[in-house]
Amino acid sequence: ATLSVTITPQLTPAFDAIGPLCQNSTAPALLATSNNGISGTWNPATINTAIAGTTVYTFTPSAGQCGTSATLSITIADQITPTFDAVGPLCQNSAAPVLPTTSNNGINGTWNPAVISTATVGTTVYTFTPASGQCGATTTLSVTIATQVTPTFDAIGTLCQNSTAPVLPATSNNGITGTWNPATINTATAGTTTYTFTPDAGQCAATVTID
């Protein structure tokens, strides 16, 4: 008598590579069926992105299939926190710098709000969201807008024509330094002249005039 026994080739389950994935990102589900039709289970059963490093996931075919165990190595990359230079404090109503779209450590993304407003005194938190495909964390930048100070001066005059004029003070009563235009008082001509005081840079001070 004869007995025919058929030996079927053993299949190695095939899967597409996964990752690298960013730390703490949402991981894809591990497929229950391989690309070449072998069904089974994984150990560990799900991908964990909490810890940076490489983990080996083992696929075991369900019974009754000529499939071997297979492994899939998945790497979790460190999450990078974008870093930026501090901005401000800025003066109220001053020209604000542009928020950079790329961090000091090379992460690009977008800001919310998109631009710095100096209209209102106080501190505003600007949130940077990295563009997709980068292992970058969301981060924030606090920008403070300082109150604009109006320089104050004692009144001058009325002065007599051709009299010796006092020197225009280079520092206001409330401590703001700056320059005048015209730079000196001219008493040669009768009438009223407006002198403009421009604060030095780096002070949250407004331009003022004195007649």
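I read the elements from the N terminus on, and they run β-β-β-β-β-β-β-β-β-β-β. The radius of gyration (taken over C-alpha atoms) is 36 Å, well over the 17 Å that the globule rule gives for 211 residues, so the chain is more spread out than a compact globule. The globule rule is 2.2 Å times the number of residues to the power 0.38. I counted 0 helices and 11 strands. Helices (H or I, at least four residues) and strands (E, at least two) are DSSP runs, numbered from the N terminus.

I noted how to read the model: it is predicted, local features need pLDDT of at least 70, side-chain atom pairs count only at pLDDT 80 or more, and totals for chains, interfaces and linings use all residues. Residues are numbered from 1 along each chain as its sequence is written, and side-chain values use heavy atoms, with hydrogens and water left out.

**Whole chain**

I looked up the extent of the C-alpha trace, which spans about 140 × 20 × 20 Å along its principal axes. Buried residues make up 29% of the 211 residues; buried means under 20% relative accessible area, exposed over 50%, partly exposed in between (1.4 Å probe, protein chains only). The chain exposes about 12800 Å², and carbon and sulfur atoms supply 53% of it. Accessible areas come from the Shrake-Rupley method with a 1.4 Å probe; for residues, only the protein chains shown count as cover. Among contacts (heavy atoms within 4.5 Å) between residues at least 6 apart in sequence, 45% join residues at least 24 apart.

**The loop between strand 1 and strand 2**

I found Ser-34 in the loop between strand 1 (21-22) and strand 2 (40-43). Is Ser-34 buried or exposed? Ser-34 counts as buried because its relative accessibility is 5%. Beyond its neighbours within four places in sequence, Ser-34 is in contact with Pro-13, Ala-14 and Phe-15.

Leu-31 is in the loop between strand 1 and strand 2. Leu-31 has 47% relative accessibility, so it counts as partly exposed. Not counting residues up to four places away in sequence, Leu-31 touches Phe-15, Trp-42 and Phe-59. I checked Leu-31 against Phe-59: they are 28 residues apart in sequence and 9.6 Å apart in space, C-alpha to C-alpha.

**Backbone exceptions**

Most residues other than glycine have a negative phi, and most peptide bonds are trans. I listed the exceptions below.

- The peptide bond from Gly-19 to Pro-20 is cis, with omega near 0 degrees; Pro-20 is in the segment before strand 1.
- The peptide bond from Gly-88 to Pro-89 is cis, with omega near 5 degrees; Pro-89 is in the loop between strand 4 (70-77) and strand 5 (90-91).
- Asn-93 is not a glycine but has a positive phi of about 70 degrees. Asn-93 lies in the loop between strand 5 and strand 6 (109-112) and is exposed, at 52% relative accessible area.
- Asn-162 is not a glycine but has a positive phi of about 65 degrees. Asn-162 lies in the loop between strand 8 (139-146) and strand 9 (178-181) and is exposed, at 60% relative accessible area.
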